[in-house]
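Good morning, and thank you for making time for this presentation. Please look at the sequence and the structure as they come up.

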Amino acid sequence: MNYRETLDWMFAQLPMYQRQGASAYKIDLHNTTDLAEYLGNPQNTFKSVHIAGTNGKGSTSHMLASVLQEAGYKVGLYTSPHLKDFRERIRVNGEVVSKDYVIDFIDRHKSYFQKHNLSFFEMTVGMAFQYFSESEVDIAVIEVGLGGRLDSTNIITPEISVITNIGLDHTQFLGNTLVEIATEKAGIIKNNVPVIVGETIPETKEVFIQKARSCHSDLYWAKDYIGKQYPSDLKGNYQKKNILTVLRTIDILQKMGWDITATVIAKGLTNVVLNTGLLGRWQILQESPKVICDTAHNTDGLGFVIKQLLSENYENLHIVLGVVSDKDLETILPLFPIEAKYYFTRPGISRGLDEKELRKKASKYNLIGKNYDSVLDAYNTALQCATDKDVIYVGGSTFVVAEII
């Protein structure tokens with residue numbers, strides 16, 4: 001198989017959360033632990049940092065990887081989902097895994113994947129861990145895909161665990177309350193492994209305290225960081241909290257013996273995009289008209305993004321909006337401004353919500369606009385309608401952003 005055929009097989013034959021929803025969510029880690037053993041337990045050959053959270057874990061992962069790269073370490077980075085190419089998920093020092101490696105890995109182990117009915121995510125995690133091991137990375141930054149306790153990445157024993165925050169998202173898998181979701185995220189806390197928590201509220205804070213205590217793990221709060229502050233090339237206002245989490249994590253890594261200087265931190269945080277290839281976080285695609293895209297897709301994330309969007313200077317605001325079908329629209333649509341022109345569309349995946357249905361539901365909140373058959377059609381129409389003094393925002397779903405970057 002060539003690369004395209006390999007990806008087609010991966011996406012078509014194996015369940016994947018991003019495409020199929022609940023059918024891809026596993027209830028235990030047996031498949032992953034068995035796969036790791038079959039591969040020779042590559043996750044035990046390199047050091048790691050494990051990062052979970054409802055929002056910010058991707059940005060936090062990329063920022064931390066960038067700093068570690070600037071410190072001279074060979075750094076693996078595993079994140080999900082990808083925006084344009086599957087290989088974005090697996091990087092070493094910012095370089096994506098090669099097409100040949102993806103093809104060869106699938107070819108060598110395809111019969112095992114089929115025999116054991118592995119999910120897309122289990123298979124991809126195995127690929128990442130094997131690649132990092134063979135690349136002899138000094139450390140890998142591993143982002144949780146979904147939840148924490150039952151996530152396929154949760155077979156590692158990291159140097160440090162990081163939980164960015166807790167919000168209501170993926171409730172069909174993780175629970176309907178913040179305490180239930182916090183309990184799932186806290187599942188990445190390991191015995192005698194320090195843990196950093198970015199943001200808490202009283203009820204979730206107690207979950208982390210109890211879990212850390214039971215694991216004899218030192219617990220640190222990002223808000224207690226008192227060191228030097230640093231800017232970043234990631235310009236979303238919400239990144240301020242993520243930066244604080246990164247700085248607290250680096251502070252603990254330094255105390256554990258990792259050689260990370262102040263100069264390195266400054267360079268790492270201002271070169272995140274250059275070093276890691278991060279896309280879609282308050283990304284400005286052009287000026288005149290100014291086009292901003294962001295992958296925020298739940299209540300907490302969109303709340304921060306919309307607030308920053310409304311602080312922009314513009315004559316008219318144009319919003320290209322698309323979501324997946326399982327999104328709780330009653331919680332996110334009220335966040336969007338009435339004073340905007342909407343271009344409702346559907347991301348090009350099977351789980352994309354029909355654009356006519358989205359427009360109908362949005363009208364209940366006085367969000368007015370037209371519907372378009374494709375994201376590109378909606379985006380191009382917005383570009384044609386906007387003047388140089390207007391702002392266009394593209395978002396609602398990672399998949400919508402992926403189609404216009």
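Predicted model: local features only at pLDDT ≥ 70, side-chain atom pairs only at ≥ 80, totals over all residues.

Residues are numbered from 1 along each chain as its sequence is written, and side-chain values use heavy atoms, with hydrogens and water left out.

Let me begin with the helices. Helices here are DSSP runs of H or I with at least four residues, strands are runs of E with at least two, and both are numbered from the N terminus. Helix α4, residues 57–70, packs with helix α10, residues 239–255, at an angle of about 45°, and their axes are 9 Å apart. The axes are lines fitted to C-alpha atoms, for helices over the stretch in contact, and the angles run from 0 to 180 degrees between N-to-C directions. Angles under 35 degrees count as roughly parallel, over 145 as roughly antiparallel, 65 to 115 as roughly perpendicular, and the rest as oblique. The pair α4 and α10 is therefore oblique.

Which residues make the contact between these two helices? On the α4 side they are Ser59, Thr60, Met63, Leu64 and Val67. On the α10 side they are Gln239, Asn242, Ile243, Thr245, Val246, Thr249, Ile250 and Leu253. Contact means heavy atoms within 4.5 Å. By class, this contact has seven nonpolar, six polar and no charged residues. In that division, Ala, Val, Leu, Ile, Met, Phe, Trp, Tyr, Cys and Pro count as nonpolar, Asp, Glu, Lys and Arg as charged, and the others, Gly among them, as polar.

Next comes α5, which packs with two helices that I wish to show. Helix α5, residues 99–116, and helix α6, residues 120–135, pack at an angle of about 125°, with their axes 11 Å apart. That angle makes α5 and α6 oblique to each other. Tyr101, Val102, Phe105, Ile106 and Phe113 of α5 make the contact with Met123, Gly126, Met127, Gln130, Tyr131 and Glu134 of α6. Eight of the residues in this contact are nonpolar, two are polar and one is charged.

The other partner is helix α3, residues 30–39, which packs with α5 at an angle of about 140°, the axes being 12 Å apart. Helix α3 is thus oblique to α5. Here Asn31, Asp34, Leu35, Tyr38 and Leu39 in α3 meet Phe105, Arg108, His109, Tyr112, Phe113 and His116 in α5. This contact has six nonpolar, three polar and two charged residues.

I turn now to charged pairs. Side chains of opposite charge can pair when their charged atoms come close. How many salt bridges does the structure hold? There are 15, a salt bridge being a side-chain nitrogen of Lys or Arg within 4 Å of a carboxyl oxygen of Asp or Glu.

One of them joins Glu70 to Lys267, with the closest N and O atoms 3.6 Å apart. This pair links distant parts of the chain, with Glu70 in helix α4 and Lys267 in helix α11 (residues 262–270), 197 residues apart. Glu70 counts as partly exposed because its relative accessibility is 23%, and Lys267 counts as partly exposed at 43%. The cut-offs are under 20% relative accessible area for buried, over 50% for exposed, and partly exposed in between, with a 1.4 Å probe and protein chains only.

Asp251 forms a salt bridge with Arg248, the closest N and O atoms lying 3.0 Å apart. These two are three residues apart in helix α10, so about one helical turn separates them. Asp251 counts as buried at 18% relative accessibility, and Arg248 is buried at 11%. Arg248, Asp251 and Lys255 are linked in a network of salt bridges.

Finally, two individual residues. Gln69 has its place in helix α4. Is Gln69 buried or exposed? At 16% relative accessibility, Gln69 counts as buried. Leaving aside neighbours within four places in sequence, Gln69 is in contact with Val75, Asn93, Gly94, Asn275 and Thr276.

Asn165 is found in the loop between β6 (160–163) and α7 (171–174). Asn165 is buried, with a relative accessible area of 10%. Setting aside its neighbours within four places in sequence, Asn165 is in contact with Gly53, Thr54, Asn55 and Glu199.
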